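This report covers a cavity, a sheet and the helices packed on that sheet. Please keep the sequence and the structure in view while reading.

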Amino acid sequence: MIPAARLEGDRVVLRDFAPRDVDPFLQAFADESALDRLIGYEEEPTKAWARKRMREEANERIGGRSIRFAIAAPDDDAFLGQIALHSFSWMHRRADCGFMVVPGSRRGGVALEALRLIVRWAFATLGLHRVGLATLIDNEPTIRLAERAGFQREGVLRAYTYERGARIDNLYYGAVEGDPAWA
């Protein structure tokens, strides 16, 4: 089981999703047509899909499969994005992470702080030894962000995902407990 948590930083708070987050979550996909492709969704999410996913969150945590947080503003709790740990291997003490930030909240350090918060929490609270991050090989903003956050580039995973009827190469990054960026 993955414990529920609320993680607080200077620029963001990572908290449970709330029903009020559904509309701004969906609006992010309306505002950026490529967002679903960039984060690996087969199609643009709908309100029914988002609500169903929120209901499934507790079972995912209990089963130790994933934990997803809303990224929120610390002053007014407004939805700024989402971040998740998923694909856990408890035997190997590792998981992967993924995130998205709504277009109007980018370039202000939101994703950087959210990544650092969740990785440090994963090491300190969950006892993980490594957290991976996969992105499309042409997703320059995420590549720069991963490197700035302290992830190390580990290589290209050829034909790693199957998305929209095609095999897709991914660039893979890793954060390892004890690396200077995470010490």
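## The largest cavity

Helix α3 gives the most to the lining of the largest cavity, supplying four residues. The model is predicted. Both α1 (22-31) and α3 (47-62) supply at least two residues each to that lining.

Which residues line the largest cavity? They are Phe17, Asp21, Val22, Phe25, Trp49, Ala50, Arg53, Met54 and Arg68. Six of the lining residues are nonpolar and three are charged; no polar residue takes part. The space in this largest cavity is about 50 Å³. The count of cavities of 30 Å³ or more comes to one.

## The sheet

Eight strands form an open sheet with mixed pairing. Their order is β1-β2-β3-β4-β5-β6-β8-β7. Strands β1 (7-8) and β7 (152-163) stand at the edges, and each has a single partner strand, so one side of each has no neighbour in the sheet.

Strands β2 (residues 13-15) and β3 (residues 66-72) run antiparallel and are joined by three bridges. Within this part of the sheet, Val13 stands opposite Ala72 in β3.

## Helices across the sheet

Helix α4 (residues 110-124) lies across β1, β2, β3, β4 (79-89), β5 (94-101), β6 (130-136) and β8 (166-176). Its angle to β4 is about 35 degrees.

Helix α5 (residues 140-149) lies across β5, β6 and β8. Helix α5 runs at about 160 degrees to β6.

Conventions:
Residues numbered from 1 in each chain as written. Predicted model: local features only at pLDDT ≥ 70, side-chain atom pairs only at ≥ 80, totals over all residues. Heavy atoms only, no water. Pairing = 2+ DSSP bridges. Contact = heavy atoms within 4.5 Å. Axes fitted to C-alpha atoms, helices over the stretch in contact; angles between N-to-C directions. 1 Å grid on protein atoms, 1.4 Å probe; cavity = no way out; pocket = protein on both sides within 12 Å on 5 of 7 lines; lining within 4 Å. Points joined across faces, edges and corners; volume = space filled by probe spheres on them. Nonpolar A, V, L, I, M, F, W, Y, C, P; charged D, E, K, R; others polar.
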